[in-house]
Amino acid sequence: FNLLQHNDDTFKDAGVIYVHNHQLNAHYIPSKDTPLKRRNVFHKPLTNKGIDQIPVRGLRKNLKELSYLTFGHSDFRTGQFEIISASLTSHATLGLLPTGGGKSLCFQLPGAIFPGCTVVVCPITALVRDHFLELSEFGFNSRADFISSEKTGPSRNYVLHKWEQGQLKFLFVSPEQFQKKSFREHFKSMYGKGLLNRVVIDEVHCISEWGHDFRTSYLNLAGTIKKFGPEVPITCLTATASVKVIEDIQIEFDLESDDVSYHMDSSREELTFRLQKPENKAKYLKEILQDRYASENLNNQSPFIIFCPLKNDNQVGNRLGVSGITDLARESLPSLKIGSFTGDPHPKAWQPHLEFEAIGETSGKPKNYDTFKETVQKLFKANKLAGIVATKAFGMGVNKPQETGINYSTAYS
(Lines give C-alpha, C1' and ligand atoms only; values in the text may rest on other atoms or scores of the structure.)
Protein backbone atom coordinates (compact mmCIF):
# COMPACT_ATOMS: atom_id res chain seq x y z
CA PHE A 1 0.00 0.00 0.00
CA ASN A 2 2.64 2.42 -1.20
CA LEU A 3 0.59 5.60 -0.84
CA LEU A 4 0.83 5.50 2.93
CA GLN A 5 4.13 3.71 3.42
CA HIS A 6 6.12 5.64 6.01
CA ASN A 7 9.15 3.92 7.51
CA ASP A 8 9.99 0.62 5.88
CA ASP A 9 10.29 0.47 2.12
CA THR A 10 9.17 -3.14 1.85
CA PHE A 11 5.99 -4.76 3.13
CA LYS A 12 6.42 -8.50 3.48
CA ASP A 13 2.83 -9.56 4.19
CA ALA A 14 0.59 -9.75 1.15
CA GLY A 15 -3.01 -8.63 1.51
CA VAL A 16 -2.28 -6.35 4.46
CA ILE A 17 -3.05 -2.64 4.39
CA TYR A 18 -0.58 -0.58 6.42
CA VAL A 19 -1.41 2.91 7.66
CA HIS A 20 1.31 4.97 9.33
CA ASN A 21 1.15 8.71 9.65
CA HIS A 22 1.48 11.33 12.37
CA GLN A 23 -1.84 10.30 13.97
CA LEU A 24 -2.17 6.58 13.34
CA ASN A 25 0.02 3.51 13.14
CA ALA A 26 -2.07 0.45 12.34
CA HIS A 27 -2.51 -2.42 9.95
CA TYR A 28 -5.69 -4.01 8.66
CA ILE A 29 -5.92 -7.73 7.91
CA PRO A 30 -8.92 -8.91 5.87
CA SER A 31 -10.28 -12.18 7.30
CA LYS A 32 -12.98 -14.71 6.44
CA ASP A 33 -14.30 -14.66 10.01
CA THR A 34 -14.58 -10.90 10.29
CA PRO A 35 -14.64 -8.40 7.46
CA LEU A 36 -11.84 -6.36 9.01
CA LYS A 37 -9.44 -6.90 11.89
CA ARG A 38 -7.77 -3.82 13.24
CA ARG A 39 -4.72 -3.49 15.43
CA ASN A 40 -3.75 -0.06 16.66
CA VAL A 41 -0.26 0.06 18.11
CA PHE A 42 -1.22 2.94 20.40
CA HIS A 43 -3.14 2.06 23.56
CA LYS A 44 -5.49 4.90 22.67
CA PRO A 45 -5.69 6.49 19.21
CA LEU A 46 -4.30 9.99 18.97
CA THR A 47 -7.07 12.51 18.47
CA ASN A 48 -7.17 15.15 15.78
CA LYS A 49 -6.15 17.75 18.35
CA GLY A 50 -2.77 19.39 18.14
CA ILE A 51 -0.07 17.30 19.77
CA ASP A 52 0.47 20.01 22.39
CA GLN A 53 -3.13 19.44 23.58
CA ILE A 54 -2.59 15.76 24.38
CA PRO A 55 -2.16 15.13 28.14
CA VAL A 56 1.53 14.59 29.00
CA ARG A 57 0.80 11.18 30.51
CA GLY A 58 -0.88 10.01 27.31
CA LEU A 59 1.80 11.58 25.14
CA ARG A 60 4.59 9.80 27.00
CA LYS A 61 2.72 6.50 26.75
CA ASN A 62 2.20 6.87 23.01
CA LEU A 63 5.75 8.04 22.34
CA LYS A 64 7.17 5.18 24.38
CA GLU A 65 5.10 2.69 22.39
CA LEU A 66 6.16 4.22 19.08
CA SER A 67 9.81 4.29 20.19
CA TYR A 68 9.69 0.59 21.01
CA LEU A 69 7.97 -0.41 17.78
CA THR A 70 10.16 1.72 15.53
CA PHE A 71 13.55 1.75 17.25
CA GLY A 72 13.35 -1.08 19.78
CA HIS A 73 13.80 1.02 22.93
CA SER A 74 11.69 -0.25 25.84
CA ASP A 75 11.81 3.04 27.75
CA PHE A 76 13.22 6.55 27.63
CA ARG A 77 16.55 7.43 29.18
CA THR A 78 16.81 10.40 31.52
CA GLY A 79 15.94 13.60 29.69
CA GLN A 80 14.90 12.02 26.38
CA PHE A 81 11.15 12.39 26.82
CA GLU A 82 11.46 15.99 28.01
CA ILE A 83 13.53 16.95 24.94
CA ILE A 84 11.31 15.02 22.52
CA SER A 85 8.07 16.44 23.91
CA ALA A 86 9.56 19.96 23.90
CA SER A 87 10.60 19.62 20.27
CA LEU A 88 7.07 18.47 19.38
CA THR A 89 5.39 21.41 21.09
CA SER A 90 7.87 24.26 20.54
CA HIS A 91 9.12 26.06 17.46
CA ALA A 92 12.70 25.75 18.72
CA THR A 93 14.31 23.88 21.58
CA LEU A 94 17.76 23.15 23.00
CA GLY A 95 18.41 19.74 24.52
CA LEU A 96 21.49 18.86 26.54
CA LEU A 97 22.30 15.23 27.28
CA PRO A 98 25.65 13.65 28.17
CA THR A 99 27.55 11.55 25.64
CA GLY A 100 25.82 8.17 25.53
CA GLY A 101 22.59 9.70 26.82
CA GLY A 102 20.65 8.97 23.63
CA LYS A 103 20.53 12.28 21.74
CA SER A 104 19.83 10.48 18.45
CA LEU A 105 16.37 9.35 19.56
CA CYS A 106 15.53 12.99 20.33
CA PHE A 107 15.40 13.72 16.60
CA GLN A 108 14.68 10.23 15.25
CA LEU A 109 11.32 9.90 16.99
CA PRO A 110 9.92 13.36 16.06
CA GLY A 111 11.24 12.78 12.55
CA ALA A 112 9.32 9.52 12.29
CA ILE A 113 6.07 11.01 13.59
CA PHE A 114 5.48 13.96 11.29
CA PRO A 115 5.46 14.03 7.49
CA GLY A 116 8.32 15.64 5.64
CA CYS A 117 12.10 15.39 5.87
CA THR A 118 14.22 16.05 8.95
CA VAL A 119 17.48 17.77 8.01
CA VAL A 120 20.23 16.98 10.53
CA VAL A 121 23.33 19.19 10.59
CA CYS A 122 26.35 17.29 11.92
CA PRO A 123 30.01 18.44 11.77
CA ILE A 124 31.69 14.99 11.80
CA THR A 125 31.37 12.73 8.76
CA ALA A 126 31.87 9.57 10.84
CA LEU A 127 28.86 10.50 12.97
CA VAL A 128 26.82 11.32 9.86
CA ARG A 129 27.61 7.88 8.42
CA ASP A 130 26.84 6.28 11.79
CA HIS A 131 23.39 7.93 11.98
CA PHE A 132 22.68 6.89 8.39
CA LEU A 133 23.62 3.24 8.95
CA GLU A 134 21.66 3.10 12.20
CA LEU A 135 18.46 4.37 10.58
CA SER A 136 18.92 1.91 7.71
CA GLU A 137 19.08 -0.91 10.25
CA PHE A 138 15.85 0.37 11.83
CA GLY A 139 14.03 -0.10 8.51
CA PHE A 140 14.22 3.32 6.89
CA ASN A 141 16.32 1.84 4.08
CA SER A 142 16.45 4.32 1.19
CA ARG A 143 14.52 6.94 3.18
CA ALA A 144 17.67 8.19 4.93
CA ASP A 145 20.76 9.57 3.22
CA PHE A 146 23.58 12.06 3.66
CA ILE A 147 25.57 14.70 1.81
CA SER A 148 29.20 15.25 2.70
CA SER A 149 32.49 16.08 1.02
CA GLU A 150 32.65 12.41 0.01
CA LYS A 151 29.61 12.76 -2.26
CA THR A 152 30.17 14.77 -5.40
CA GLY A 153 28.76 14.93 -8.92
CA PRO A 154 26.10 12.32 -9.78
CA SER A 155 26.15 10.80 -6.28
CA ARG A 156 25.33 14.14 -4.65
CA ASN A 157 22.76 15.02 -7.30
CA TYR A 158 21.00 11.69 -6.76
CA VAL A 159 20.55 12.42 -3.04
CA LEU A 160 19.26 15.93 -3.79
CA HIS A 161 16.83 14.49 -6.34
CA LYS A 162 15.42 12.03 -3.77
CA TRP A 163 15.09 14.91 -1.32
CA GLU A 164 13.24 17.11 -3.83
CA GLN A 165 10.89 14.24 -4.67
CA GLY A 166 9.94 13.83 -1.01
CA GLN A 167 11.51 10.37 -0.79
CA LEU A 168 13.66 11.08 2.28
CA LYS A 169 12.64 11.13 5.94
CA PHE A 170 16.15 12.03 7.15
CA LEU A 171 18.93 13.93 5.39
CA PHE A 172 22.26 14.40 7.18
CA VAL A 173 24.50 17.24 6.04
CA SER A 174 27.64 19.02 7.17
CA PRO A 175 27.23 22.68 8.22
CA GLU A 176 29.32 23.70 5.20
CA GLN A 177 26.44 22.67 2.90
CA PHE A 178 24.46 25.74 4.01
CA GLN A 179 27.29 27.91 2.67
CA LYS A 180 26.61 26.60 -0.85
CA LYS A 181 24.06 28.48 -2.95
CA SER A 182 22.80 25.32 -4.65
CA PHE A 183 22.00 23.64 -1.33
CA ARG A 184 20.29 26.75 0.04
CA GLU A 185 18.07 26.83 -3.06
CA HIS A 186 17.11 23.17 -2.54
CA PHE A 187 16.40 23.90 1.12
CA LYS A 188 14.21 26.89 0.20
CA SER A 189 12.36 24.81 -2.40
CA MET A 190 11.65 22.03 0.11
CA TYR A 191 10.38 24.57 2.62
CA GLY A 192 8.10 26.11 0.00
CA LYS A 193 6.62 22.68 -0.77
CA GLY A 194 5.97 22.06 2.92
CA LEU A 195 8.27 19.03 2.85
CA LEU A 196 10.57 20.07 5.71
CA ASN A 197 9.74 18.35 9.00
CA ARG A 198 12.35 20.11 11.10
CA VAL A 199 16.04 21.06 11.22
CA VAL A 200 18.27 19.48 13.84
CA ILE A 201 21.57 21.12 14.80
CA ASP A 202 23.76 18.42 16.31
CA GLU A 203 26.85 19.46 18.29
CA VAL A 204 25.30 22.92 18.45
CA HIS A 205 27.99 24.11 20.91
CA CYS A 206 30.19 24.56 17.80
CA ILE A 207 28.21 27.74 17.14
CA SER A 208 29.81 29.60 20.06
CA GLU A 209 33.23 31.22 19.94
CA TRP A 210 33.40 30.44 23.67
CA GLY A 211 33.14 26.73 22.93
CA HIS A 212 36.12 24.40 22.66
CA ASP A 213 34.95 23.11 19.25
CA PHE A 214 34.07 26.40 17.57
CA ARG A 215 33.41 25.98 13.83
CA THR A 216 33.19 29.01 11.54
CA SER A 217 30.70 27.11 9.34
CA TYR A 218 28.23 27.28 12.25
CA LEU A 219 28.39 31.08 12.49
CA ASN A 220 25.69 31.93 9.91
CA LEU A 221 23.73 28.71 10.33
CA ALA A 222 20.91 30.16 12.44
CA GLY A 223 20.48 33.18 10.16
CA THR A 224 20.49 31.04 7.00
CA ILE A 225 17.83 28.67 8.36
CA LYS A 226 15.64 31.57 9.45
CA LYS A 227 15.98 33.24 6.04
CA PHE A 228 15.24 30.22 3.85
CA GLY A 229 12.92 28.33 6.21
CA PRO A 230 11.55 30.89 8.68
CA GLU A 231 8.85 28.69 10.20
CA VAL A 232 10.59 25.31 10.20
CA PRO A 233 10.94 23.85 13.73
CA ILE A 234 14.53 23.68 15.03
CA THR A 235 15.99 21.23 17.55
CA CYS A 236 19.47 21.97 18.92
CA LEU A 237 21.39 19.16 20.61
CA THR A 238 24.72 18.94 22.42
CA ALA A 239 26.52 17.00 25.10
CA THR A 240 28.74 19.84 26.21
CA ALA A 241 27.96 23.48 26.82
CA SER A 242 29.00 26.02 29.44
CA VAL A 243 26.64 28.73 30.65
CA LYS A 244 28.19 31.21 28.21
CA VAL A 245 27.82 28.79 25.29
CA ILE A 246 24.17 28.13 26.19
CA GLU A 247 23.55 31.90 26.23
CA ASP A 248 25.08 32.21 22.75
CA ILE A 249 22.87 29.39 21.45
CA GLN A 250 19.78 31.02 22.97
CA ILE A 251 20.59 34.34 21.29
CA GLU A 252 21.25 32.76 17.88
CA PHE A 253 18.04 30.71 17.84
CA ASP A 254 15.78 33.05 19.86
CA LEU A 255 15.35 30.54 22.68
CA GLU A 256 13.73 31.38 25.99
CA SER A 257 14.78 29.66 29.22
CA ASP A 258 11.72 27.39 28.97
CA ASP A 259 12.98 26.19 25.60
CA VAL A 260 16.14 24.73 27.17
CA SER A 261 15.98 21.15 28.43
CA TYR A 262 19.05 20.45 30.58
CA HIS A 263 19.80 16.92 31.77
CA MET A 264 23.55 16.80 32.26
CA ASP A 265 24.42 14.24 34.91
CA SER A 266 28.20 14.15 34.48
CA SER A 267 28.72 11.08 36.65
CA ARG A 268 29.88 8.11 34.56
CA GLU A 269 30.38 5.15 36.87
CA GLU A 270 31.31 2.88 33.96
CA LEU A 271 34.39 4.98 33.17
CA THR A 272 37.82 4.94 34.81
CA PHE A 273 40.40 7.64 34.11
CA ARG A 274 44.15 7.26 34.46
CA LEU A 275 46.89 9.71 33.51
CA GLN A 276 50.38 8.38 32.77
CA LYS A 277 53.55 10.29 31.87
CA PRO A 278 56.12 7.67 30.86
CA GLU A 279 59.51 8.68 29.53
CA ASN A 280 59.04 6.49 26.44
CA LYS A 281 55.40 6.75 25.41
CA ALA A 282 55.64 4.37 22.46
CA LYS A 283 57.24 1.65 24.58
CA TYR A 284 54.68 2.14 27.34
CA LEU A 285 51.77 1.97 24.90
CA LYS A 286 53.14 -1.26 23.46
CA GLU A 287 53.35 -2.75 26.97
CA ILE A 288 49.76 -1.74 27.72
CA LEU A 289 48.45 -3.40 24.57
CA GLN A 290 50.40 -6.60 25.12
CA ASP A 291 49.42 -6.81 28.82
CA ARG A 292 45.72 -6.37 28.01
CA TYR A 293 45.93 -8.99 25.28
CA ALA A 294 47.77 -11.45 27.55
CA SER A 295 45.02 -11.12 30.18
CA GLU A 296 42.42 -11.81 27.47
CA ASN A 297 40.87 -8.37 27.93
CA LEU A 298 41.54 -7.26 24.38
CA ASN A 299 39.67 -8.74 21.42
CA ASN A 300 36.91 -8.00 18.92
CA GLN A 301 34.28 -8.14 21.68
CA SER A 302 36.28 -5.78 23.91
CA PRO A 303 38.01 -3.46 21.43
CA PHE A 304 40.13 -0.38 21.99
CA ILE A 305 40.44 3.08 20.49
CA ILE A 306 43.64 5.11 20.55
CA PHE A 307 42.96 8.78 19.84
CA CYS A 308 45.87 10.83 18.51
CA PRO A 309 46.02 14.55 17.63
CA LEU A 310 48.41 13.97 14.72
CA LYS A 311 47.65 12.32 11.40
CA ASN A 312 51.25 11.96 10.25
CA ASP A 313 54.39 11.20 12.23
CA ASN A 314 56.47 14.23 13.17
CA GLN A 315 60.07 13.24 12.63
CA VAL A 316 61.45 16.53 13.94
CA GLY A 317 59.68 16.33 17.28
CA ASN A 318 59.87 12.53 17.35
CA ARG A 319 56.09 12.38 17.80
CA LEU A 320 54.02 9.54 16.42
CA GLY A 321 50.86 10.20 14.48
CA VAL A 322 48.07 7.82 13.49
CA SER A 323 50.32 6.12 10.94
CA GLY A 324 53.09 5.36 13.42
CA ILE A 325 50.80 4.31 16.25
CA THR A 326 48.83 2.01 13.93
CA ASP A 327 52.09 0.30 12.91
CA LEU A 328 53.09 0.02 16.58
CA ALA A 329 49.73 -1.50 17.55
CA ARG A 330 49.81 -4.03 14.74
CA GLU A 331 53.38 -4.97 15.60
CA SER A 332 52.39 -5.43 19.26
CA LEU A 333 49.30 -7.51 18.42
CA PRO A 334 50.12 -9.33 15.17
CA SER A 335 47.21 -11.77 15.43
CA LEU A 336 44.54 -9.02 15.68
CA LYS A 337 43.00 -6.84 13.01
CA ILE A 338 43.48 -3.13 13.75
CA GLY A 339 42.14 -0.26 11.64
CA SER A 340 42.89 3.45 11.39
CA PHE A 341 40.74 6.54 10.77
CA THR A 342 41.55 10.20 10.06
CA GLY A 343 40.04 13.11 8.21
CA ASP A 344 40.84 13.78 4.56
CA PRO A 345 43.31 13.63 2.96
CA HIS A 346 44.78 10.29 3.97
CA PRO A 347 48.05 10.07 5.95
CA LYS A 348 51.19 10.37 3.82
CA ALA A 349 52.25 6.80 4.62
CA TRP A 350 48.85 5.28 3.74
CA GLN A 351 49.10 2.45 1.22
CA PRO A 352 45.68 1.25 -0.06
CA HIS A 353 46.31 -2.44 -0.71
CA LEU A 354 48.30 -2.97 2.48
CA GLU A 355 45.74 -1.16 4.63
CA PHE A 356 42.74 -3.05 3.20
CA GLU A 357 44.63 -6.31 3.67
CA ALA A 358 45.46 -5.39 7.29
CA ILE A 359 41.74 -5.18 8.17
CA GLY A 360 40.91 -8.38 6.32
CA GLU A 361 39.22 -6.78 3.33
CA THR A 362 40.36 -8.17 0.00
CA SER A 363 37.13 -7.63 -1.96
CA GLY A 364 36.94 -5.76 -5.22
CA LYS A 365 35.84 -2.50 -3.60
CA PRO A 366 37.43 0.73 -4.87
CA LYS A 367 40.72 1.17 -3.03
CA ASN A 368 40.21 4.81 -2.08
CA TYR A 369 40.43 6.38 1.36
CA ASP A 370 36.73 7.13 1.75
CA THR A 371 35.86 3.49 1.10
CA PHE A 372 38.56 2.44 3.56
CA LYS A 373 37.18 4.67 6.34
CA GLU A 374 33.63 3.50 5.71
CA THR A 375 34.82 -0.12 5.86
CA VAL A 376 36.76 0.44 9.10
CA GLN A 377 33.71 2.02 10.75
CA LYS A 378 31.40 -0.83 9.69
CA LEU A 379 33.85 -3.52 10.81
CA PHE A 380 34.43 -1.82 14.15
CA LYS A 381 30.70 -1.55 14.87
CA ALA A 382 30.22 -5.18 13.80
CA ASN A 383 32.93 -6.41 16.24
CA LYS A 384 35.28 -7.47 13.47
CA LEU A 385 38.19 -5.29 14.56
CA ALA A 386 40.06 -5.48 17.86
CA GLY A 387 40.77 -1.77 17.77
CA ILE A 388 41.32 1.41 15.79
CA VAL A 389 43.76 4.30 15.90
CA ALA A 390 42.08 7.60 15.04
CA THR A 391 42.07 11.35 15.16
CA LYS A 392 38.98 13.12 16.51
CA ALA A 393 37.56 12.82 12.98
CA PHE A 394 36.21 9.44 14.10
CA GLY A 395 33.98 11.11 16.67
CA MET A 396 33.37 9.88 20.21
CA GLY A 397 29.63 9.88 19.53
CA VAL A 398 29.74 6.87 17.20
CA ASN A 399 27.22 4.42 18.61
CA LYS A 400 28.31 0.96 19.73
CA PRO A 401 26.10 -1.40 21.78
CA GLN A 402 27.02 -1.50 25.46
CA GLU A 403 27.33 -5.29 25.57
CA THR A 404 30.13 -5.06 22.99
CA GLY A 405 31.30 -1.62 23.97
CA ILE A 406 34.74 -0.08 23.93
CA ASN A 407 36.93 -1.53 26.66
CA TYR A 408 39.90 0.78 26.46
CA SER A 409 40.29 4.27 25.06
CA THR A 410 43.69 5.97 25.11
CA ALA A 411 44.52 9.55 24.22
CA TYR A 412 48.09 9.56 22.91
CA SER A 413 49.61 13.04 22.93
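Is Arg-330 buried or exposed? Arg-330 counts as buried, at 17% relative accessibility; buried means under 20% relative accessible area, exposed over 50%, and partly exposed in between, using a 1.4 Å probe and protein chains only. Here are some notes to read beside the structure.

1. **Before you start.** This is a predicted model, in which local features need pLDDT of at least 70, side-chain atom pairs count only at pLDDT 80 or more, and totals for chains, interfaces and linings use all residues. Residues are numbered from 1 along each chain as its sequence is written, and side-chain values use heavy atoms, with hydrogens and water left out.

2. **The whole chain.** You will find 12 helices and 14 strands in the chain; these are DSSP runs numbered from the N terminus, with helices (H or I) of at least four residues and strands (E) of at least two. Of the 413 residues, 48% count as buried. Take the contacts (heavy atoms within 4.5 Å) between residues at least 6 apart in sequence: 67% of them join residues at least 24 apart.

3. **Arg-330 and its partner.** The side chain of Arg-330 meets that of Glu-355 in a salt bridge, 3.0 Å from N to O. The term stands for a side-chain nitrogen of Lys or Arg within 4 Å of a carboxyl oxygen of Asp or Glu. Glu-355 lies in helix 11 and Arg-330 in helix 10 (residues 322-332), so the pair ties together parts that are 25 residues apart in sequence. Glu-355 is buried as well, at 11% relative accessibility.

4. **Another bridge to look up.** The count of salt bridges comes to 8. One of them joins Lys-193 to Glu-164, with the closest N and O atoms 2.8 Å apart. Lys-193 sits in the loop between helix 6 (181-192) and strand 8 (196-201), while Glu-164 belongs to helix 5 (residues 153-164), so this pair ties together parts 29 residues apart in sequence. Lys-193 is partly exposed at 46%, whereas Glu-164 is buried at 16%.

5. **Helix 12, end to end.** Helix 12 (residues 369-381) has 13 residues and reaches 18 Å from its first C-alpha to its last, close to the 18 Å expected at 1.5 Å a residue. That expected span is 1.5 Å times one less than the number of residues. After the helix comes Asn-383, with a positive phi near 60°.

6. **Helix 12, inside and out.** Among the buried residues of helix 12 are Tyr-369, Phe-372, Val-376, Leu-379 and Phe-380. The buried residues of this helix pack against helix 4 (125-140), strand 11 (304-307), strand 12 (338-341), helix 11 (352-358) and strand 13 (387-390). Lys-378 and Glu-374 form a salt bridge (3.3 Å, N to O), and the two lie 4 residues apart in the helix, about one turn. Lys-378 is partly exposed at 37%, and Glu-374 is partly exposed at 29%.

7. **The nonpolar cores.** A nonpolar core is a set of buried Ala, Val, Leu, Ile, Met, Phe, Trp, Tyr and Cys residues joined through side-chain atoms within 4.5 Å. The largest has 48 residues, of which Leu-63, Ile-84, Leu-109, Phe-172 and Phe-394 touch the most other members. Helix 4 gives the most to this core, with 7 residues. A second, separate core of 37 residues includes Cys-117, Val-173, Ile-201 and Tyr-218.
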